[in-house]
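Open the model in your viewer and keep the selection tool at hand. The tour goes from one pair of side chains to the next and then to the whole chain.

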Amino acid sequence: MGSSLAKELTGSSCTSTVRFQNKRLRVMERIGEGGFSYVYRVEDTSTGRPYALKRMQYGPDHENESRIKQEVDLLESLRKCKAVVRYEGYKKVVKGGGEGDEGWL
């Protein structure tokens with residue numbers, strides 16, 4: 001998953017299929033956005049299980065990096081205490097020069 005995924009996820013809804021953490025996910029719609037991120041409703045194509053996939057922009061000079069790390073750490077801690085939330089992982093996509101780097105949850 002890289003910059004091609006980001007290009008596919010620019011509209012408010014789309015029907016792309018992407019790979020993340022060894023799963024093939026069908027992107028159903030964009031369900032939220034914040035100051036530096038977008039959240040998409042996705043579905044595992046093999047099981048039909050729903051997930052949320054979050055795209056986070058690092059920003060110029062990686063200004064959001066500490067906020068992204070805090071969110072990843074929080075989700076990791078929820079995984080360890082067997083909370084209701086299911087956290088599949090984090091992937092950083094480096095686009096070169098640091099200007100357009102992204103994080104995916």
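Select Arg-26 and Glu-43 in this predicted model: their side chains form a salt bridge, with 3.4 Å from N to O. The pair links distant parts of the chain, since Arg-26 belongs to strand E2 (residues 23-33) and Glu-43, 17 residues apart from it, to strand E3 (residues 37-44). Color both by accessibility. Arg-26 is partly exposed at 32% relative accessibility, and Glu-43 is partly exposed at 24%.

Stay on these strands and select Glu-29 and Arg-41. Their closest N and O atoms are 3.1 Å apart, in another salt bridge. Glu-29 sits in strand E2 and Arg-41 in strand E3, twelve residues apart, so this pair too links distant parts of the chain.

Next, select helix H2 (residues 65-80), where Asp-73 and Lys-69 lie four residues apart, about one turn of the helix. Their side chains meet in a salt bridge of 3.0 Å, N to O. Asp-73 is partly exposed, at 40% relative accessibility.

Now zoom out. Trace the chain from the N terminus and the elements run α-β-β-β-β-α-β-β, that is, two helices and six strands. Switch to a surface view: the protein exposes about 6200 Å², with carbon and sulfur atoms supplying 47% of that area. Of its 105 residues, 35% count as buried.

Note on methods: Residues numbered from 1 in each chain as written. Predicted model: local features only at pLDDT ≥ 70, side-chain atom pairs only at ≥ 80, totals over all residues. Heavy atoms only, no water. Buried < 20%, exposed > 50% of the residue type's maximum accessible area, 1.4 Å probe, protein only. Areas by Shrake-Rupley, 256 points an atom, 1.4 Å probe, with all protein chains shown as cover. Salt bridge = Lys/Arg side-chain N within 4 Å of Asp/Glu carboxyl O.
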